[in-house]
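Me: I would like to learn how to read a structure like this one. Could we go through it together, feature by feature?

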Amino acid sequence: MKRLTSAIAVVGLAASLLFAGVGSAAADQIRDREYWLTEYGITAAWNTTKGKGVTIAIIDTGVDGSHVDLQGSVAGGTDVSGLGSSNGQTPVGINNEHGTMVASLAVGRGHGDGNAEGIIGSAPDAKILAISIAFGSGARNSDDQIAEAVRWAVDHGANVINMSLTRNSLEWPESWDDAFLYAFEHDVVIIAAAGNRGSGTTEVGAPATIPGVLVVGGVDRGGSASFDASSQGVTIAVSAPSEELVGAAPGGGYYTWAGTSGAAPIVAGVVALVRAAHPDLDAANVINRITATATNPGVALPSPIYGYGLLDANAAVNANVAAVSGSPAQELKDWIHIHRRAPSGQTPGPTGTPTVSPTPVQAPHADAINPLGTVLPTNAQLRDVGIPLLVFSAFLLLLIVWIITFVRRVRAPRRT
């Protein structure tokens, strides 16, 4: 029998660049890059809450909790790949930087005086569960990893689950029906990245096609839909920044990157803020606060590019929003009832069209606009290395100019 193959991959790794120049003494070159904190209402929302008491599961390539901006943020973890460490804090697989970068945008705490340096996430007082997954040689079946990771997250107290990954197919295995329904029945909000056109994902794929999941699309610095760093699809619920991002690097340091892999944890952190500010709200009403308060970018909504609009964290936390009925669990149950009807040995996709049960490809691709590159220097590195090197270079340049001038004068013919 011919098998339909599909790939699960982390989404959103992008080009990095070396930071050049030294800002004012009071500024931090990393924190200054987090434009979304003010422009999307996150710092304003912090006047109400910073997410204390909420736990976000990061199902990704592992989270290096020793990074200076993530210390104290990891409440627990596990490895479901068979390649990592038992606490989920050993980066594994291809693009193993990904999980640490994602976690930093959700719960980064910064460092230095007043935690004013480094990356701070949308919900710096929230905790995370680090669940490491990997794809490729030596790793377990990727579908099985995801199903186990979701269940483990629920059983260990996750209120929110972030999944910055894609299966690159509309359909998903029945084991995901059970795992995601298990999460929804325990009132967990699941956030999924839409994927990136620049990496070949032109249309959202599972888990972003699963009913009840909060799907995040990406926009550029100006708030326009990102062509390279976001896919499109009718399941997109809200959009958030996916370009000119920064992320914590395993082992220390930082990367610049782009992709909905970064947009998703920004939203996951805001979901944590909503859950902290409104602990009595169920998952459906938490999601509704995110979508109902989103700002219109000037198009007809809902949109397959923007969803219900651009994230507004302050409004999501503080605005008066009417309650809704229904639940993510019921959405998925209804879908299962309608679509899981097929001849033996076949699994219908989200449209109800029978397709052969998929077997995941064991080697994922890196959903990247460009390969991940140079680590950004820290302020300390600029101060201790960069500035002395700049002074030395200037002195050396002056010395070379003086030598050239002196030699020319010595060699110049004398007038008689």
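Predicted model: local features only at pLDDT ≥ 70, side-chain atom pairs only at ≥ 80, totals over all residues.

Me: What does Arg275 form a salt bridge with?

Reply: A salt bridge is a side-chain nitrogen of Lys or Arg within 4 Å of a carboxyl oxygen of Asp or Glu. Here the partner is Asp187, with the closest N and O atoms 2.8 Å apart. The pair links distant parts of the chain, 88 residues apart: Arg275 is in helix 6 (residues 260-277) and Asp187 in the loop between helix 5 and strand 10 (189-193). Helices (H or I, at least four residues) and strands (E, at least two) are DSSP runs, numbered from the N terminus. Asp187 is partly exposed, at 30% relative accessible area.

Me: How many salt bridges does the structure hold?

Reply: There are 8. One of them joins the side chains of Glu39 and Arg221 (3.6 Å, N to O). Glu39 lies in helix 1 (residues 36-39) and Arg221 in the loop between strand 11 and strand 12, so this pair ties together parts 182 residues apart in sequence. Another salt bridge pairs Asp143 with Arg167, where the closest N and O atoms are 2.8 Å apart. Asp143 counts as buried, at 4% relative accessibility, and Arg167 is buried as well, at 0%.

Me: Which element supplies the largest share of the lining of the largest pocket?

Reply: On a 1 Å grid over the protein atoms alone, a pocket is an open set of points where a 1.4 Å probe fits, with protein on both sides within 12 Å along at least five of seven lines; lining residues have an atom within 4 Å of a point. Helix 7 gives the largest share, 4 residues. The lining has 26 residues, and the closest to the pocket's centre are Val213, Ala237, Ile287, Tyr308 and Glu331.

Me: And how much of the protein counts as buried?

Reply: Of its 416 residues, 53% do.

Key
Residues numbered from 1 in each chain as written. Heavy atoms only, no water. Buried < 20%, exposed > 50% of the residue type's maximum accessible area, 1.4 Å probe, protein only.
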